Each structure stands twice: as C-alpha cells, then as structure tokens.
Amino acid sequence: MSAFDLVFAVFGLLLGLAVCEVLAGFARVLKLKRGARPVRIGWLTPLLGLFVMLDLTSFWGLAFMARDQMDASYLTLAIVLAITGGYYLVASLIFPDEPEDWPDFDLWYERQKQMVIGGLLSINIVTMIATSILDAVRPVPEAPPGPAGDVGFLIYALGAMALFALLIALLFVRNRRWNVAMLVALNLILLGTSILEDFI
C-alpha cells in the first residue's frame with residue numbers, strides 16, 4: 001500500500017459520505033414533491049447542493065493530482081481529515097433533515113447559508129495553503145503546457161478569483177434573486193475552470 005492509498009482511504013470515505021449527504025437531500029426533495037403536503041423548493045437550496053457537489057469533485061481531482069507529493073504522516077492525515085470532515089459537515093447542512101417541516105426551502109437556505117458558504121470558503125483557503133506548502137516542500141517536475149496555453153491559464157486564474165469573490169459576496173447579499181444569479185454563476189465558473197484545468 002502506497003502513502004497515497006492510505007491517505008485516499010481517509011478522504012475517499014469522508015468525501016463519499018459527503019456526496020451521499022447531498023444526493024440523499026436531493027432524493028428527499030424528489031420524494032417530497034410527490035407527497036401530500038405542499039412544499040416550495042425554489043432554486044436556492046438545489047443550486048447550493050449542486051455547487052457543493054462540483055466543489056467536492058474538484059477537490060477529489062486536486063487530491064489525485066497531488067498523489068505523488070503526499071506522505072502518510074500524521075500531519076497529512078490530520079489536514080486531510082480537517083478538509084474532508086469540513087466538506088461532510090457542509091454537505092449535511094444543505095438540505096433539512098425533516099424537509100416536510102420546511103414549507104419554503106428558501107427560508108432554510110437563508111438560515112444555513114452563512115455556515116455553508118463560510119465553510120466552503122474556509123475549506124478552499126485551507127486547501128490552497130496546503131497545496132502551496134506541498135508544492136514548496138515536495139515539488140514535482142513541471143508538466144509541459146497544455147493546449148490552452150497562457151490564455152487558458154489566465155482564464156483559469158480569473159475564474160478562480162471570481163469564485164472567491166462570489167463566495168464572499170454571497171455571505172452578505174440577502175436578495176434571493178441575486179443569490180440565485182450568483183449561485184448559477186458559481187456553478188458555471190467552477191464547472192468551466194475544472195474542465196479547463198485539464199488543458200493548461
């Protein structure tokens with residue numbers, strides 16, 4: 001078993017549980033829509049759930065790219081546990097456990113938004129710091145530039161900055177329509193930059 005296999009066993013389990021939390025939330029919503037009690041789902045909670053799923057997938061890819069840099073030290077395992085545990089906690093807050101008690105999911109979103117968005121911001125900042133330290137301590141040979149070249153890298157960097165700016169803005173903006181617009185933008189930017197990453 002390699003060092004990465006051991007680390008992967010820790011974060012693979014927790015990331016898998018986090019994905020299951022979000023998917024279970026979507027499943028509860030679908031069942032609720034067919035139930036007898038009227039419930040307004042809206043766009044906010046599903047868009048937030050989709051963004052967390054995309055962010056989880058992005059982290060999974062990032063961890064795989066860093067596989068040759070990871071060791072199986074206690075510090076590595078603790079950092080991985082903090083990041084993946086954070087994702088699980090965030091994922092568990094997106095949908096209510098008892099959705100029938102929330103006739104308007106937008107109210108649930110407004111109550112949980114600070115925790116979820118704040119958690120995602122913290123996780124991504126910790127991930128960036130950990131990745132930078134890993135690159136400094138255990139550098140890997142530079143890969144040849146991909147077909148997207150410098151232009152692709154510039155678009156990727158601008159997309160990453162836009163992601164952080166929109167997440168910070170979401171913490172303060174209360175208007176529901178603006179929240180929907182920003183969540184749509186976040187999902188599109190994250191999906192686009194994650195795909196672009198393979199070409200730079």
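## A buried aspartate and its partner

At 17% relative accessibility, Asp 104 counts as buried, because the cut-off for that label is under 20%. The structure you have here is a predicted model, so please read each value below as one computed from predicted coordinates.

Asp 104 has a charged partner: its side chain meets that of Arg 40 in a salt bridge, at 3.2 Å from N to O. The two residues belong to distant parts of the chain, 64 residues apart. Asp 104 sits in the loop between helix H3 (74-93) and H4, while Arg 40 sits in the loop between helix H1 (3-33) and helix H2 (44-65).

## The salt-bridge network

Arg 40 also forms a salt bridge with Asp 106, and here the closest N and O atoms are 2.5 Å apart. This pair again links distant parts of the chain, with Arg 40 in the loop between H1 and H2 and Asp 106 in helix H4, 66 residues apart. Asp 106 counts as buried, at 3% relative accessibility.

Which other residue does Asp 106 meet in a salt bridge? That residue is Arg 176, with an N to O distance of 3.6 Å. Arg 176 lies in helix H6 (residues 176-196) and Asp 106 in helix H4, so the contact ties together parts that are 70 residues apart in sequence. Arg 176 has a relative accessible area of 31%, which makes it partly exposed. Through shared partners, salt bridges join Arg 40, Asp 104, Asp 106, Glu 110 and Arg 176 into one network. For the structure as a whole, the count comes to six salt bridges.

## Asn 124 in helix H4

Further along, Asn 124 has its place in helix H4 (residues 105-137). Is Asn 124 buried or exposed? With a relative accessible area of 19%, Asn 124 is buried; the value falls under the 20% cut-off, so the label follows.

Leaving aside residues up to four places away in sequence, Asn 124 touches Asp 55, Tyr 87 and Phe 164. With Asp 55 there is also a polar contact, side chain to side chain, at 3.1 Å. As for Phe 172, which is 48 residues from Asn 124 along the chain, the C-alpha atoms of the two are separated by 19 Å.

## Thr 84 in helix H3

Thr 84 lies in helix H3 and is buried, with a relative accessible area of 0%. A polar atom of the Thr 84 side chain lies 2.7 Å from the backbone oxygen of Val 80.

Which residues does Thr 84 touch, not counting those up to four places away in sequence? They are Phe 11, Leu 14, Leu 15 and Phe 59.

## The largest pocket

If you are looking for open space, the largest pocket holds about 1500 Å³. It is lined by 39 residues, and the closest to its centre are Leu 62, Met 65, Thr 131, Tyr 156 and Glu 197.

Several helices share in this lining: H2, H4, helix H5 (149-172) and H6 each supply at least two residues. Which of the elements gives the most to the lining of the largest pocket? That is H5, with ten residues.

## The enclosed cavity

There is also one cavity of 30 Å³ or more, and the largest cavity contains about 30 Å³ of space. Its lining is made up of Thr 45, Leu 48, Leu 93, Ile 94, Trp 108, Tyr 109, Gln 112, Lys 113 and Val 116.

H2 and H4 are the elements that give two or more residues to the lining of the largest cavity. The largest share comes from H4, with five residues.

## Confidence in the model

Finally, a word on confidence. The mean pLDDT of the chain is 90, and 98% of its residues reach 70 or more.

Technical notes:
Residues are numbered from 1 along each chain as its sequence is written. This is a predicted model: local features need pLDDT of at least 70, side-chain atom pairs count only at pLDDT 80 or more; totals for chains, interfaces and linings use all residues. Side-chain values use heavy atoms; hydrogens and water are left out. Helices (H or I, at least four residues) and strands (E, at least two) are DSSP runs, numbered from the N terminus. Buried means under 20% relative accessible area, exposed over 50%, partly exposed in between (1.4 Å probe, protein chains only). Contact means heavy atoms within 4.5 Å. A polar contact is a pair of N or O atoms within 3.5 Å; within protein, one must be able to donate a hydrogen and the other to accept it, and residues adjacent in sequence count only if both atoms are side-chain atoms. A salt bridge is a side-chain nitrogen of Lys or Arg within 4 Å of a carboxyl oxygen of Asp or Glu. pLDDT is the predictor's confidence in each residue, from 0 to 100. On a 1 Å grid over the protein atoms alone, a cavity is a set of points where a 1.4 Å probe fits but cannot get out, and a pocket is an open set with protein on both sides within 12 Å along at least five of seven lines; lining residues have an atom within 4 Å of a point. Grid points are joined across faces, edges and corners, and a volume is the space filled by probe spheres set on the points.
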